Amino acid sequence: VITDIENHTLFDILRNRNKPTVIKYLRNLPDKDKIEYVTMDMWSPYRDACYEVIPHATVIIDKFHVTQMAQKTLEKCRLVIRKTLSDKERKDMLHDRFILRKRPQNLKNFEHLKLDYWLERYPDLKATYHLKEDVFKFYEASCREEAEDNYREWVASIPTEFLPHYDEILTSFRNWNTEIFNYYNSSEKRLTNAYTESVNGLIKMANREGRGYSFDVLRTKMLLTAGVKRAEKYKVEKYPAGIDAETYNALKILIGEFPTLSTESDN
């Protein structure tokens, strides 16, 4: 999915995400020399294609994918602890697991009490919870240098016995360190891939609601409903005297413009 994250528009949907496909698309993209930033998830072909075709652009790994790895690590620890609990405690922890995923500032009063109960009862869970929160704090730093210092301190604070649980996230930081912290290179407005992820969700929803969509049909459907011309479709205009809405919109289609949703008339 190719989007303009600044203006929240969908550019295109490619048939696959293989490196040759992405390279071909980028090479044919007009004004590619004007691209300043590219946000993405941790898929190496995306990065390789960008460095080959638009090496001047800054590649940024979306912070959601980093914080999600911290959440997954917390969940691994919770599942290990869960095996030592009674049936009743397992049910309680299963119900309260969503509290562990929330940020402290988003918890309600009774949720704070439940969180305190679990963290004080299980020190390993408490340590992993705070390590999860520290990953979120990487993105609250004022500059790249501060964030990188926070990361080094975070790695040093991981207990040795927990290291196997953190293998995935530590490997990702080693492989994508530059791109993760490029988040702080995108001026005062920190860039994320949130818009693209939302479009991904809409595509999946549209595909579920239909039956047997081919790639071309699904692509066309999304480009016509969420593409770059979307804003123009809702412009309100008055129809010229003596021309009804249907005729007016048909004429606009013939000259290459999108129809409007206006129902106003000079009559």
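Me: Let's start with Lys63. How exposed does Lys63 count as?
Reply: This is a predicted model, and in it Lys63 counts as partly exposed, because its relative accessibility is 30% and that class runs between 20% and 50%.

Me: Where does Lys63 sit, and what does Lys63 touch?
Reply: Lys63 belongs to helix H3, which covers residues 63-82. Leaving aside residues up to four places away in sequence, Lys63 touches Tyr139, Tyr183 and Thr192.

Me: And how far is Lys63 from Val135?
Reply: Their C-alpha atoms are separated by 9.8 Å, while along the chain the two residues are 72 residues apart.

Me: You mentioned Tyr183. Is Tyr183 buried or exposed?
Reply: Tyr183 is buried, and Tyr184 is buried too.

Me: OK, aromatic rings then. How many aromatic pairs are there?
Reply: The count comes to 13 aromatic pairs. Take Phe173 and Phe181: their ring centres are 6.0 Å apart and their planes are at 40°, so this pair is tilted.

Me: What about the rings of Tyr183 and Tyr184?
Reply: Tyr183 and Tyr184 make an edge-to-face pair, with 5.2 Å from centre to centre and 90° between the planes.

Me: Switching to helices. How do H1 and H2 cross?
Reply: H1 is residues 19-27 and H2 is residues 44-53; their axes come within 9 Å and cross at roughly 35°. The crossing is right-handed.

Me: Why quote both an angle and a distance?
Reply: Two packed helices are described by the angle between their axes and by the distance between those axes.

Me: Which residues meet there?
Reply: From H1 you have Lys19, Val22, Ile23, Leu26 and Arg27. On the H2 side they meet Pro45, Tyr46, Asp48, Ala49, Cys50, Glu52 and Val53. Sorted by class, this contact has eight nonpolar, four charged and no polar residues.

Me: I see a cysteine in that list. How many disulfides does the structure hold?
Reply: Zero disulfides. Cys50 is buried, with a relative accessible area of 5%, and Cys77 also counts as buried, at 5% relative accessibility.

Me: Now the loops. What's the phi of His8?
Reply: His8 has a positive phi of about 55°, although it is not a glycine. His8 lies in the loop between strand E1 (2-4) and strand E2 (9-12), and at 51% relative accessibility His8 counts as exposed.

Me: And Asp31, what's its phi?
Reply: Asp31 has a positive phi of about 60°, and Asp31 is not a glycine. Asp31 is in the loop between H1 and strand E3 (37-40). At 48% relative accessibility, Asp31 counts as partly exposed.

Me: Last one, the whole protein. How many helices and strands are there?
Reply: There are eleven helices and four strands. Of the 267 residues, 38% count as buried. Among contacts between residues at least 6 apart in sequence, 62% join residues at least 24 apart.

Methods
Residues are numbered from 1 along each chain as its sequence is written. This is a predicted model: local features need pLDDT of at least 70, side-chain atom pairs count only at pLDDT 80 or more; totals for chains, interfaces and linings use all residues. Side-chain values use heavy atoms; hydrogens and water are left out. Axes are lines fitted to C-alpha atoms, for helices over the stretch in contact, and angles run from 0 to 180 degrees between N-to-C directions. Helices (H or I, at least four residues) and strands (E, at least two) are DSSP runs, numbered from the N terminus. A crossing is left-handed if the near helix is turned anticlockwise from the far one by less than a right angle, and right-handed if clockwise. Contact means heavy atoms within 4.5 Å. Ala, Val, Leu, Ile, Met, Phe, Trp, Tyr, Cys and Pro count as nonpolar, Asp, Glu, Lys and Arg as charged, and the others, Gly among them, as polar. A disulfide is a pair of cysteine sulfur atoms within 2.5 Å. Buried means under 20% relative accessible area, exposed over 50%, partly exposed in between (1.4 Å probe, protein chains only). Rings of Phe, Tyr and Trp (its six-membered ring) pair if their centres lie within 6.5 Å; planes under 30 degrees apart count as stacked, over 60 as edge-to-face and the rest as tilted.
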